[in-house]
Amino acid sequence: MIFREVEDRDLVGKARRGDVEAYNRLVSRWEKRLYNYLLKLVGDREDALDLTQEVFLKAYQALKKLEDPSRFAPWLYRIAHNEAYSLLRRRRPEEELDEIAPPWAASRLLPAETALAVAAALRRLPEEQREAVVLKIYEGFKFEEIASILDCPVSTVKSRVYAALDRLKEALAPIRTRGEAG
Amino acid sequence: MSCGQIDWKGYVLGEISHPERKAAEAHAAACSPCREELERLRLTQGLLQSLAEEEIPQRIAFVSDKVLAPSWWARLWQSGPRLGFASAAMLAAAILVHAWVRPPVAIQPPAPDQAAIEAIVEREVARRLDEALARAAAAWEAQEAERRAKLLREVREEFEIRRREERAQIEQAFEVLHKRLNVMHLASAWRAEER
């Protein structure tokens with residue numbers, strides 16, 4: 001993953017000094033990825049969009065509390081993680097998440113049935129494992145960065161990602177087999 | 001290096017060091033089960049990464065957007081010696097408000113109300129009539145007062161004239177009576193001498 005640490009750090013510094021345009025550039029840089037991360041966590045486009053907006057607003061308001069400006073991205077994802085789990089805790093009693101087809105199931109890059117299977121396999125993961133694998137596979141963070149985002153030890157992150165990979169490997173085995181056969 | 005010593009998930013995820021990667025690749029070249037495990041992991045990772053990222057449905061409101069942009073006073077408040085500035089600003093605002101506040105100008109006149117207009121006209125006519133009557137009454141009273149005063153002055157003057165005339169008549173009568181008494185007294189004296 002390319003972090004563009006210098007650029008993020010510089011932009012954070014400028015934004016802290018009141019340069020609104022610098023923060024706008026940070027938003028432009030991270031909004032799509034943050035939205036997709038939140039979408040994979042909460043499974044609803046509208047919620048993901050609202051959360052993305054909320055995360056950038058909270059981040060702007062708390063920008064001066066960021067101790068290390070070069071770690072803007074993990075800090076931003078930490079805020080997003082907290083917001084997403086607040087939403088999931090509120091809605092959990094009302095939904096059976098495993099029964100809901102995720103919105104990214106209809107990806108045009110894969111045949112529909114394959115996309116459905118991959119999305120369903122992700123959805124069936126425990127929330128902690130799903131988030132860990134999303135941060136690793138889709139967002140490209142290092143284990144140390146994920147640990148700071150989730151506020152847990154690196155060993156915990158590693159075990160969650162590895163356990164998730166084992167589950168996904170088993171769940172997606174029929175697709176791999178069919179693909180290999182085809 | 002044995003199969004159990006190699007972290008294939010860490011290899012696929014890029015979480016092992018360069019020397020460890022080299023050692024793992026050398027092992028896989030000679031170990032069929034490890035090659036199969038590595039292939040399964042790569043395919044799994046490939047399937048996961050094949051899910052495309054979605055475009056964000058709408059752009060996130062930037063902090064320069066109106067809804068999020070800090071107001072001019074907020075930016076001023078967050079800059080410099082804020083307390084001093086705030087005090088000066090409040091004082092200036094108070095002076096300006098005191099000097100320039102005017103009653104608000106009605107942007108749109110209220111819709112005409114015929115009954116209300118008639119009531120206003122009636123009240124105005126009644127008010128002017130009352131004023132005219134009051135003025136007439138006051139003028140009449142003034143004229144009457146003046147007439148009474150003039151009459152009183154005339155009565156007093158006539159009374160004074162009559163009083164003076166009567167006094168003169170009385171004085172004249174006393175003088176005549178006094179002269180008659182003197183005459184009588186002289187006559188009486190003359191008669192006594194003659195005797």
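A residue is buried if 20 or more other C-beta atoms lie within 10 Å of its own, exposed if 12 or fewer, and partly exposed in between, with C-beta atoms placed from the backbone. By that count, 37% of the 182 residues of chain A are buried. This is a predicted model: local features need pLDDT of at least 70, side-chain atom pairs count only at pLDDT 80 or more, and totals for chains, interfaces and linings use all residues. Residues are numbered from 1 along each chain as its sequence is written, while chains are lettered from A and ligands numbered from 1 in the order in which they are written.

**View 1. Chain A has nine helices and zero strands.** Helices (H or I, at least four residues) and strands (E, at least two) are DSSP runs, numbered from the N terminus. Along the sequence the pattern reads α-α-α-α-α-α-α-α-α. Two residues are in contact if their C-beta atoms, placed from the backbone, lie within 7 Å. Of the contacts in chain A with a separation of 6 or more, 64% join residues 24 or more positions apart.

View 2. The predictor's confidence in each residue is its pLDDT, from 0 to 100. Chain A has a mean pLDDT of 83, with 81% of its residues at 70 or more. Over residues 96-110 of chain A, pLDDT stays under 50. The model has 28 contacts beyond four places in sequence for that stretch. Where pLDDT is low, the predicted coordinates should not be read in detail.

**View 3. Helix α2 (residues 20-42) of chain A crosses helix α3 (residues 45-61) of chain A.** Axes are lines fitted to C-alpha atoms, for helices over the stretch in contact, and angles run from 0 to 180 degrees between N-to-C directions. The two axes come within 8 Å and cross at roughly 140 degrees. That makes α2(A) oblique to α3(A). Angles under 35 degrees count as roughly parallel, over 145 as roughly antiparallel, 65 to 115 as roughly perpendicular and the rest as oblique. The crossing of α2(A) and α3(A) is right-handed; a crossing is right-handed if the near helix is turned clockwise from the far one by less than a right angle, and left-handed if anticlockwise. Residues of α2(A) in the contact include A:Tyr23, A:Val27 and A:Leu34. Those of α3(A) include A:Leu51, A:Thr52 and A:Phe56. By class, the contact of α2(A) with α3(A) has 13 nonpolar, one polar and three charged residues. Ala, Val, Leu, Ile, Met, Phe, Trp, Tyr, Cys and Pro count as nonpolar, Asp, Glu, Lys and Arg as charged, and the others, Gly among them, as polar.

**View 4. A:Val27 sits in helix α2 of chain A.** A:Val27 counts as buried because it has 24 C-beta neighbours inside 10 Å. A:Val27 and A:Thr52 are 25 residues apart in sequence. Their C-alpha atoms are 9.9 Å apart in space.

**View 5. Helix α4 (residues 72-91) of chain A crosses α7(A).** The axes come within 8 Å and cross at roughly 40 degrees. That makes α4(A) oblique to α7(A). The crossing of the pair α4(A) and α7(A) is right-handed. Helix α4(A) contributes A:Pro74, A:Tyr77, A:Arg78 and A:His81. Helix α7(A) contributes A:Glu145, A:Ser148, A:Ile149 and A:Leu150. The contact of α4(A) with α7(A) has four nonpolar, two polar and two charged residues.

**View 6. Helices α7(A) and α8(A) cross at roughly 105 degrees.** Their axes come within 8 Å. That makes α7(A) roughly perpendicular to α8(A). From α7(A), the contact uses A:Phe143, A:Glu144, A:Ile146, A:Ala147 and A:Leu150. From α8(A), the contact uses A:Val154, A:Val157 and A:Lys158. By class there are six nonpolar, no polar and two charged residues in the contact of α7(A) with α8(A).

**View 7. A:Asp151 lies in the loop between α7 (143-150) and α8 (154-171) of chain A.** A:Asp151 has a positive phi of about 60 degrees, although it is not a glycine. A:Asp151 is exposed, with 10 other C-beta atoms within 10 Å.

**View 8. Chain B meets chain A.** Here 28 residues of chain B are in contact with 36 residues of chain A. Helices α1 (8-13) and α3 (32-50) of chain B each supply at least two residues of the side that touches chain A. With nine residues, α3(B) gives the most to that side. The predictor gives the complex an ipTM of 0.71 and a pTM of 0.56.
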